[in-house]
Amino acid sequence: MLNLSRKTSSFFHRLSYIVMNNSSSNSHLFLRVRCISNTCSDPSQSFAFSYLIDKFGFSQKSALAASKYLLFKTPDKPDSVIAFLEKHGFSKTQIQQIVKVRPPVLYCNVENNILPKLEFFRSKGVSSPDLIKLLSCNPRILCRSLENQIIPCFNYLSNLLQSDDKAVKALKRYPYLVSCNFDAYMLPNINTLLDNGVPESNIRAMFLHHPRSFVMIPDRFKEIVKEVKEMGFDPMLMKFIGAVIMFRKMSKSTLERKFDVYNKWGWSEQESWDAFCKNPYCMEASEEKIMAIMDFLVNKMGFQSLLIADQPNVLGRSLKKRIVPRGLFAQDLLSKGLIKKLTLSGLFDTSEKVFLQRFIIRYEDVAPQLLKLYKEKMDLAIGGKY
């Protein structure tokens, strides 16, 4: 263990404070400085340790972990940060989480460090509620350089997706994009897709909805793309990236377990593979959800299991928000004689607008209560009482 003198220790304390109060500070340097200075003091005896317990109700363990990175001896600076965040709509619980994940935020200069970041995101169309969620999910944003990290990151996303609005949507889906090393973990993966013939338009569309799936160690991403290509997926089709995303999210052993679930419903291994090739997202659901969907469609709705294997799109739909309410409602239409038969695609592959037009609005004259009935089915599904 290093044996630092009082004078040396004081130097490191001052240095770490300076680092954190610099708007372009390097958080990694700060952590290294703190690791050295930790050897010469007991954080549990610090003012910061007591402050975190008294102010946020931190456990001693959490306070000890956070106080290793805090040096303040008066409440002035952290109180100003907390007051600023509260003024901008952050709850006590959200502030507590931010401090727990990123203690150095309590050192930030609110006017020079935090406010410009809030103003930047708002200028790009991020609403206050969404901004609070974004920063609560990834508090590291508050300690990143606006000029060197946040703005370049946002501009790249905006150029990739061809609009600020879509860049905001991508960030909302995966807030850690802001602190991601694009050059190391994302750009090589996009280039791999391009090199394998995937159209830029398909990459943009998938990135918008699944940004996290593009952030990965490049060597492993290349392996996945190679495997998907060898399976016969056409790089020109959206299904190609869909399959890449599925293998990015789950291992082969996980996929095999899902095949086992479908096997219980009479699918052969080949039929499971065929379903996966038709729609890779049919394997995205958990084993429990797959069982629930199949049980409802087969036992409650009366569809043949192999029909579902042939039309697997329904397996990527929400059980409670789409499958159950529409299914129960359609059964009532059948019993009333308003429709003659049910099809998987007609019921579950249409948008809400088309569904309402096809099954409710067209029958308003003879059955004006259908919209109310449909809403009742939705409430039943959400409440799990079907």
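User: Which residues have the most contacts inside the largest nonpolar core?
Analyst: In this predicted model, the largest nonpolar core has 122 residues. In soluble globular proteins, nonpolar side chains tend to be buried together. The residues with the most contacts inside this core are Leu-52, Leu-177 and Leu-297.

User: What does Leu-52 contact, leaving aside its neighbours within four places in sequence?
Analyst: Leu-52 is one of the residues with the most contacts inside the largest nonpolar core. With those sequence neighbours set aside, its partners are Gly-57, Phe-58, Ala-63, Ala-66, Ser-67, Leu-70, Val-99 and Leu-106.

User: How many nonpolar, polar and charged residues form the contact of helix 3 with helix 4?
Analyst: Helix 3 passes helix 4 in a right-handed crossing. On the helix 3 side the contact holds Ala-48, Phe-49, Leu-52 and Ile-53, and these meet Gln-60, Ala-63, Leu-64, Ala-66 and Ser-67 in helix 4. By class, the residues of this contact are seven nonpolar, two polar and no charged.

User: How is helix 18 oriented relative to helix 20?
Analyst: Helix 18 spans residues 287–300 and helix 20 spans residues 319–335. Their axes lie 11 Å apart, and the packing angle is about 5°. Angles under 35 degrees count as roughly parallel. The orientation of helix 18 and helix 20 is therefore roughly parallel.

User: What classes of residue make the contact of helix 18 with helix 20?
Analyst: Helix 18 contributes Lys-289, Ala-292, Ile-293, Phe-296, Leu-297 and Lys-300. From helix 20 come Leu-319, Ile-323, Val-324, Gly-327, Leu-328 and Gln-331. Leu-297 is also among the residues with the most contacts inside the largest nonpolar core. Sorted by class, the contact has eight nonpolar, two polar and two charged residues.

User: Where is Gln-162 placed, and is this residue buried or exposed?
Analyst: Most residues other than glycine have a negative phi. Gln-162 has a positive phi of about 70° although it is not a glycine. Its place is in the loop between helix 9 (146–161) and helix 10 (164–173). With a relative accessible area of 55%, Gln-162 is exposed.

User: How many helices and strands does the chain have?
Analyst: The chain has 386 residues, of which 45% count as buried. Its secondary structure comes to 23 helices and zero strands.

How values were computed: Residues are numbered from 1 along each chain as its sequence is written. This is a predicted model: local features need pLDDT of at least 70, side-chain atom pairs count only at pLDDT 80 or more; totals for chains, interfaces and linings use all residues. Side-chain values use heavy atoms; hydrogens and water are left out. A nonpolar core is a set of buried Ala, Val, Leu, Ile, Met, Phe, Trp, Tyr and Cys residues joined through side-chain atoms within 4.5 Å. Buried means under 20% relative accessible area, exposed over 50%, partly exposed in between (1.4 Å probe, protein chains only). Contact means heavy atoms within 4.5 Å. A crossing is left-handed if the near helix is turned anticlockwise from the far one by less than a right angle, and right-handed if clockwise. Helices (H or I, at least four residues) and strands (E, at least two) are DSSP runs, numbered from the N terminus. Ala, Val, Leu, Ile, Met, Phe, Trp, Tyr, Cys and Pro count as nonpolar, Asp, Glu, Lys and Arg as charged, and the others, Gly among them, as polar. Axes are lines fitted to C-alpha atoms, for helices over the stretch in contact, and angles run from 0 to 180 degrees between N-to-C directions. Angles under 35 degrees count as roughly parallel, over 145 as roughly antiparallel, 65 to 115 as roughly perpendicular and the rest as oblique.
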